[in-house]
Amino acid sequence: MSTESHQAIEEAASDWLARRSSGSWSSEDQRAFDAWFNQSMRHRVSYWRLESAWESTQRLKALGAGIQSDRPPPPGQWNLSPFFTQCADEEEQAAPHSSASANRMVRAFAASLVLAAAVGMAAWFLWPDPNRYETLIGATASLPMADGSKITLNTASEIKVAMSGQERRIELEQGEAFFEVAKDPSRPFVVVAGDKRVIAVGTKFSVRRDLGSADGIEVVVTEGIVRVEPVNGKGIHKLAAQPLTAGTIARANRGGVMIQKKDISEAEEQLAWRSGVLIFRDSTLADAAAEFNRYNPRKMVIEDELTAGLRIMGSFRATNVDAFVRLLQQGYPVETSIDEKRIVIRAR
Amino acid sequence: MSDDLESWFKSQVLVHEAVLMRFLARAWPHRDDLTELRQEAYTRICEAAQHTRPNNAKAFLYAIARHIMSDRRRRERIVSIQAAGDTDLSNDLIEERTPERVVGGHQELARLAQAFDRLPARCREVIWMRRALELPYKEIAVRLKIGEKAVEKQIARGNRLLAVHLAEPVVGRGEPTPRHTEDVIEDGIGEEPR
């Protein structure tokens with residue numbers, strides 16, 4: 001592979017193009033350009049690609065017809081046919097909308113939370129307490145609520161629901177859940193997770209507790225804004241001060257707060273469990289195994305450091321740990337021993 | 001042959017950039033590598049096309065992109081298994097610029113306006129003056145009270161950005177491609193296109 005970086009090539013190509021269209025282009029320039037251009041195919045394709053974009057800007061002239069000023073009109077304000085206004089409308093809808101299936105649920109349910117048919121991917125339990133819901137290891141469940149919101153429970157999770165006139169309150173007792181909150185400014189939607197609460201009005205986010213420490217939580221926001229604050233008004237002030245916007249992944253525990261700002265699509269990947277899938281982008285095997293272990297009663301155990309540090313990428317069915325282990329053996333110098341309770345992985 | 005290669009590349013390969021980038025983004029974990037992978041794919045397809053022009057440029061481009069990625073995975077020792085949805089490109093739902101569409105008037109004009117509108121303000125002014133008003137760099141420099149070198153820099157930068165914007169699908173058309181809906185393929189490493 002070439003030692004010249006792709007950015008350097010692209011910049012050189014764009015510099016040449018800019019020089020060429022300056023209007024002052026000498027035969028010396030031409031010779032220098034030819035030398036660069038003929039040096040490699042890499043140079044040529046980069047140049048052609050930019051040239052093609054440049055050629056299409058020729059048509060800015062057509063867009064400029066009838067404009068008096070020597071400056072372009074402000075973005076989106078092209079004074080042209082209705083076609084263009086339609087275009088501008090479309091742009092506003094460009095923000096990624098996730099699941100279309102999150103449509104308002106029928107409001108005719110009497111109880112605060114109704115057990116409609118689950119999405120089909122999972123079995124889940126209703127406890128004697130009608131406001132308490134739980135999933136088994138490896139299962140997920142979808143719970144439509146009377147206010148139009150929807151809750152998706154991940155593996156081995158448990159929530160308690162309390163709806164009142166002032167507040168929609170969910171207690172996340174363990175595990176992880178994703179919330180698609182129907183807008184209702186008069187009744188905030190509050191998720192209590194241990195000593196912290198996450199507050200929203202109309203938005204989509206997940207809250208997770210099973211991070212290995214009693215007080216750790218993780219919040220992933222895929223739409224709108226949520227706020228995280230301590231239940232008793234003490235500690236984690238930093239979090240409370242900073243509303244979390246779409247694309248944010250925040251982790252908080254006693255030690256502090258870590259906030260990562262990602263593309264919404266990346267944040268969504270973190271929530272692929274909703275369709276039963278785990279996505280890893282360059283995770284260590286140790287982290288991947290910990291993820292799988294949330295969904296499977298038979299736990300993966302890694303014996304040595306070297307194996308624990310292997311890098312994993314790809315998409316996997318959360319409950320198909322056998323396929324994952326098989327692929328691991330094919331791609332890596334590892335061996336496994338499997339019994340009822342554990343899958344032990346070590347260097348071969 | 002070289003001129004010929006240029007017009008083939010521009011009309012048959014570049015038009016698939018949007019789809020190619022989506023494909024790479026789904027199949028490769030590091031976003032920072034995507035433009036490099038794109039450049040590599042274009043280079044390899046043109047090197048191959050110097051000798052024999054492939055019948056189906058799009059399918060060939062995918063095959064090449066897939067090879068580049070599996071080479072790298074092997075080199076970097078990443079275990080990779082892609083969901084079926086990631087490698088099956090036949091039913092891609094992405095809005096594409098087919099060669100026919102490139103000549104289609106209004107749609108292309110709309111695409112240009114959108115791509116142009118996303119440029120930073122200064123870039124936008126400079127490119128506007130050069131392309132819509134056809135002013136020389138010197139005159140643009142005077143009107144905007146900047147140096148001629150700065151004009152050239154803005155042109156170069158705007159050009160790079162426009163190339164990216166133009167390849168992005170027109171917004172508001174259909175839903176994003178569904179991801180990861182299928183079961184895991186047994187082994188996606190080095191797989192040939194079907």
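Guide: Welcome! Let us begin with α8(B) and α9(B), two helices that are oblique to each other. This is a predicted model, in which local features need pLDDT of at least 70 and side-chain atom pairs count only at pLDDT 80 or more, while totals for chains, interfaces and linings use all residues. Residues are numbered from 1 along each chain as its sequence is written, and chains are lettered from A and ligands numbered from 1 in the order in which they are written.

Visitor: At what angle do α8(B) and α9(B) pack?

Guide: Axes are lines fitted to C-alpha atoms, for helices over the stretch in contact, and angles run from 0 to 180 degrees between N-to-C directions. Here helix α8 (residues 121–131) and helix α9 (residues 137–144) of chain B pack at about 135°, and their axes are 10 Å apart. Angles under 35 degrees count as roughly parallel, over 145 as roughly antiparallel, 65 to 115 as roughly perpendicular and the rest as oblique.

Visitor: Which residues of α8(B) and α9(B) meet?

Guide: Two residues are in contact if their C-beta atoms, placed from the backbone, lie within 7 Å. From α8(B) come B:Glu125, B:Val126, B:Met129 and B:Arg130, and they meet B:Ile140, B:Arg143 and B:Leu144 of α9(B). By class, this contact of α8(B) with α9(B) has four nonpolar, three charged and no polar residues (Ala, Val, Leu, Ile, Met, Phe, Trp, Tyr, Cys and Pro count as nonpolar, Asp, Glu, Lys and Arg as charged, and the others, Gly among them, as polar).

Visitor: How do helix α3 of chain A and helix α10 of chain B cross?

Guide: The axes of α3 (residues 41–56) of chain A and α10 (residues 148–167) of chain B come within 9 Å and cross at roughly 85°. That makes α3(A) roughly perpendicular to α10(B). The contact of α3(A) with α10(B) has six nonpolar, two polar and two charged residues.

Visitor: What are the elements of each chain, and how many are there?

Guide: Helices (H or I, at least four residues) and strands (E, at least two) are DSSP runs, numbered from the N terminus. Chain A has 10 helices and 20 strands, whereas chain B has 10 helices and one strand. In chain B, the elements run α-α-α-α-β-α-α-α-α-α-α from the N terminus on.

Visitor: In what order do the strands of the seven-stranded open sheet in chain A lie?

Guide: Strands of a sheet pair through backbone hydrogen bonds, either parallel or antiparallel. Two strands count as paired if DSSP finds at least two bridges between them. The order in this open sheet of chain A is β3-β4-β7-β10-β11-β14-β15, with antiparallel pairing. At the edges are β3 (141–144) and β15 (256–261) of chain A, each pairing on one side only. Neighbouring strands of this sheet are turned by 15° against each other on average, direction ignored. Within it, β4 (residues 150–153) and β7 (residues 176–180) of chain A pair over four bridges, and A:Leu153 has A:Ala177 as its bridge partner in β7(A).

Visitor: Where is there a hairpin to look at?

Guide: Look at β8(A) and β9(A), which form a hairpin with two residues between them; A:Gly194 in the turn has a positive phi of about 60°. Strand β8 (residues 189–193) of chain A pairs with β9(A) in the antiparallel sense over five bridges. Four of the five residues of β9(A) are buried. Four bridges also join β9 (residues 196–200) to β12 (residues 225–230) of chain A, again antiparallel.

Key
A residue is buried if 20 or more other C-beta atoms lie within 10 Å of its own, exposed if 12 or fewer, and partly exposed in between; C-beta atoms are placed from the backbone.
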